[in-house]
Amino acid sequence: MKYIIIYPGRFQPFALHHYKAYQHLCAVFGNVYIVTSNKVDQDSPLNFHERSMFIEKYVPKSNIFQCSNLYSPTELLNTIPEDTVAIFAYSSKDSGRLQYFKKNGEPGYFKPFTTLTDSVEFYKSRGYVYILPEFSVTVLGKKLSGTQIRSWIEKYKDKFDKNLFIKIFGYFDKKLLHLLINKIS
């Protein structure tokens, strides 16, 4: 049975907690695709190209897709065979935004993932939702999140050093540090 694992998100920016989720998905399912958009606003200061620079530190470039709708990534789905099962990986927080039923009470596109069986439907008619376990990373006594990273950039922009960057991302890249400071502050 063919299936595809899709890990969608804003990734503002993609950091260690995202990478831990990606590693988990690879261990459970194998090949994983990261899906993000090019949307830029107050809470999403990085465009697709900039997000990709962070994601590519952990994920092969061929597994990163720009899609206009993270809940319906047709740009990725249009590249795969029709007899493929689509499994979307969301945190419990993000999965709460999904509609499992239509307004009239009929089943919607998404259904909770349980196991791959012969009775699963292909991606054109059904998408399965795998709820990720929480991958908590603590930095400066706070739980790591994109919002927290952007807050630290604003707060410490003149003092944001190599060691803090490494705690957040697991590596150091001076160019990416300057990109974050310029985009966020």
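Asn63 touches Asn31, Val32, Tyr33 and Ile34, not counting residues up to four places away in sequence; contact means heavy atoms within 4.5 Å. Asn63 lies in the loop between α2 (48–55) and β3 (64–66). Helices (H or I, at least four residues) and strands (E, at least two) are DSSP runs, numbered from the N terminus. With a relative accessible area of 6%, Asn63 is buried. Buried means under 20% relative accessible area, exposed over 50%, and partly exposed in between (1.4 Å probe, protein chains only). The model is predicted: local features need pLDDT of at least 70, side-chain atom pairs count only at pLDDT 80 or more, and totals for chains, interfaces and linings use all residues. Residues are numbered from 1 along each chain as its sequence is written, and side-chain values use heavy atoms, with hydrogens and water left out.

Six strands form an open sheet with parallel pairing, in the order β3-β2-β1-β4-β6-β5. Two strands pair if DSSP finds at least two bridges between them. The edges are held by β3 and β5; each has a single partner strand, so one side of each is left without a neighbour in the sheet. On average, neighbouring strands of this sheet are turned by 35° against each other, direction ignored. Two helices pack on the sheet. Helix α1 (residues 16–29) touches β1, β2 (32–36), β4 and β6, and its direction makes about 170° with that of β1. Helix α2 touches β2 and β3, and its direction makes about 170° with that of β3. Axes are lines fitted to C-alpha atoms, for helices over the stretch in contact, and angles run from 0 to 180 degrees between N-to-C directions.

Strand β6 (residues 127–131) is largely enclosed by the rest of the structure, because four of its five residues are buried. Strand β4 (residues 84–90) runs parallel to β6 and is joined to β6 by five bridges. Ala89 stands opposite Tyr130 in β6, and Tyr90 stands opposite Ile131. Strand β5 (residues 110–112) is also parallel to β6, with three bridges between them. Here Lys111 has Tyr128 of β6 as its bridge partner.

Phe65 and Arg150 are 85 residues apart in sequence and 23 Å apart in space, C-alpha to C-alpha.

Backbone geometry was examined next. In the loop between β1 and α1 lies Pro13. A cis peptide bond joins Gln12 and Pro13, with omega of about 0°. Phe11 is found in the loop between β1 and α1. Phe11 has a positive phi of about 50° although it is not a glycine. Its relative accessibility is 5%, so Phe11 counts as buried. Leu140 also has a positive phi of about 50° and is not a glycine. Leu140 sits in the loop between β7 (138–139) and β8 (142–143). Leu140 is partly exposed, at 48% relative accessible area.

Tyr3 belongs to strand β1 (residues 2–8) and is partly exposed, at 32%.
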